[in-house]
Amino acid sequence: MRVLIGAAALFLLVWGNQAHAVVINPSFESGTLGWASTSVGRFGAGVTGAFATDGIRSYRIFSQTTCASSFCGRLSFSNGQFRSLSQSIDLTSVDELLFDTTLDSSGGATAYQSFIRAAVYLGSTLIWSSQTHGTVTDIAVDTSAISGNVALSFALEATGSGVDSQSDWFFIDNIRAAVVAVPAPHTIWLVMVGLFALARRRRAEKIVQLSS
């Protein structure tokens with residue numbers, strides 16, 4: 001009886017302490033609410049209606065030319081310059097982070113400049129990067145070994161030095177966390193009722209055996 005009660009109590013305690021990661025404003029439908037932006041160098045950014053995979057908005061980071069999005073002029077970039085968008089997320093009990101991206105440029109379907117790349121970080125750890133044009137949805141990053149609050153950052157960055165004759169674009173949308181499944185409250189109570197019923201039945205059987 002005591003073992004069953006202890007097991008039920010532990011079950012409730014574990015369920016009560018399961019963390020649910022919440023990405024604030026994951027599809028930028030409320031602008032940049034919940035997000036912080038940092039920039040070093042000639043990069044621009046903002047919410048846009050282009051390339052949205054969830055809702056009607058996405059977020060775009062882009063390298064600037066003198067006209068920002070066309071071949072109006074060339075600007076130089078140096079290694080280490082970047083523009084990022086970040087948010088702290090509790091990854092306790094989270095299996096995966098998922099997001100959608102589109103890479104494009106004012107030059108059309110051509111490769112990014114060799115010294116420009118789109119990148120995603122957890123803290124200071126690079127978890128994804130690309131220089132290939134196109135839309136990729138449901139990019140999944142395993143976070144099962146990570147616990148606690150970690151900064152999730154999306155960045156367009158210079159990994160070398162050069163002159164950008166086009167504007168390279170990084171669109172981000174539909175950022176979500178796949179949380180470890182936990183029982184719903186009603187399921188827990190059903191389990192507890194079953195445990196107590198089983199305990200009473202076993203106790204009743206024991207009394208009958210002793211009396212006979």
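Visitor: What makes β7 and β8 a pair of strands, and in which sense do they run, parallel or antiparallel?
Guide: First, note that this is a predicted model. Two strands pair if DSSP finds at least two bridges between them. β7 and β8 (residues 125–130) have five bridges, in the antiparallel sense. Val120 stands opposite Trp128 in β8.

Visitor: Why is β7 called largely enclosed?
Guide: Strand β7 covers residues 116–122, and six of its seven residues are buried. Buried means under 20% relative accessible area. The strand is therefore largely enclosed by the rest of the structure. Across the protein chain, buried residues make up 38% of the 212 residues.

Visitor: Why is Gly107 called partly exposed?
Guide: Its relative accessible area is 29%. Buried is under 20% and exposed is over 50%. The value for Gly107 falls in between, so partly exposed is the label. Gly107 is in the loop between β6 (94–105) and β7. Gln166 is 59 residues away from Gly107 in sequence, yet their C-alpha atoms are 5.9 Å apart.

Visitor: What label does Ala52 get, buried, exposed or partly exposed?
Guide: Ala52 has a relative accessible area of 30%, so it is partly exposed by those cut-offs. Ala52 lies in the loop between β2 and β3 (58–63). Leaving out residues up to four places away in sequence, Ala52 touches Arg57, Ser58 and Asp173.

Visitor: Why is the pair of Phe43 and Phe77 called tilted?
Guide: Start with the distance. The ring centres are 5.0 Å apart, and rings pair within 6.5 Å. Now the angle. The planes are 55° apart. Stacked needs under 30 degrees and edge-to-face over 60, so this pair is tilted. Phe43 lies in β2 (residues 43–48) and Phe77 in β4 (residues 75–77), so the pair ties together parts that are 34 residues apart in sequence. Both Phe43 and Phe77 are buried.

Visitor: How many aromatic pairs are there?
Guide: The count comes to nine. Ring pairs also link Phe28, Trp35, Tyr59, Phe99, Trp128, Phe154 and Phe170 into a cluster.

Visitor: What makes the charged end of Arg60 sit over the ring of Trp169?
Guide: One test is distance. The charged end of Arg60 is 5.2 Å from the centre of the Trp169 ring, and the limit is 6 Å. A second test asks for a position within 35 degrees of the ring normal. Arg60 is listed as sitting over the ring.

Visitor: What is the confidence of the model?
Guide: The protein chain averages a pLDDT of 81, and 71% of the residues score at least 70. Over residues 3–19 the pLDDT is below 50. Beyond near neighbours in sequence, that stretch has 20 contacts in the model.

Technical notes: Residues are numbered from 1 along each chain as its sequence is written. This is a predicted model: local features need pLDDT of at least 70, side-chain atom pairs count only at pLDDT 80 or more; totals for chains, interfaces and linings use all residues. Side-chain values use heavy atoms; hydrogens and water are left out. pLDDT is the predictor's confidence in each residue, from 0 to 100. Contact means heavy atoms within 4.5 Å. Buried means under 20% relative accessible area, exposed over 50%, partly exposed in between (1.4 Å probe, protein chains only). Helices (H or I, at least four residues) and strands (E, at least two) are DSSP runs, numbered from the N terminus. Rings of Phe, Tyr and Trp (its six-membered ring) pair if their centres lie within 6.5 Å; planes under 30 degrees apart count as stacked, over 60 as edge-to-face and the rest as tilted.
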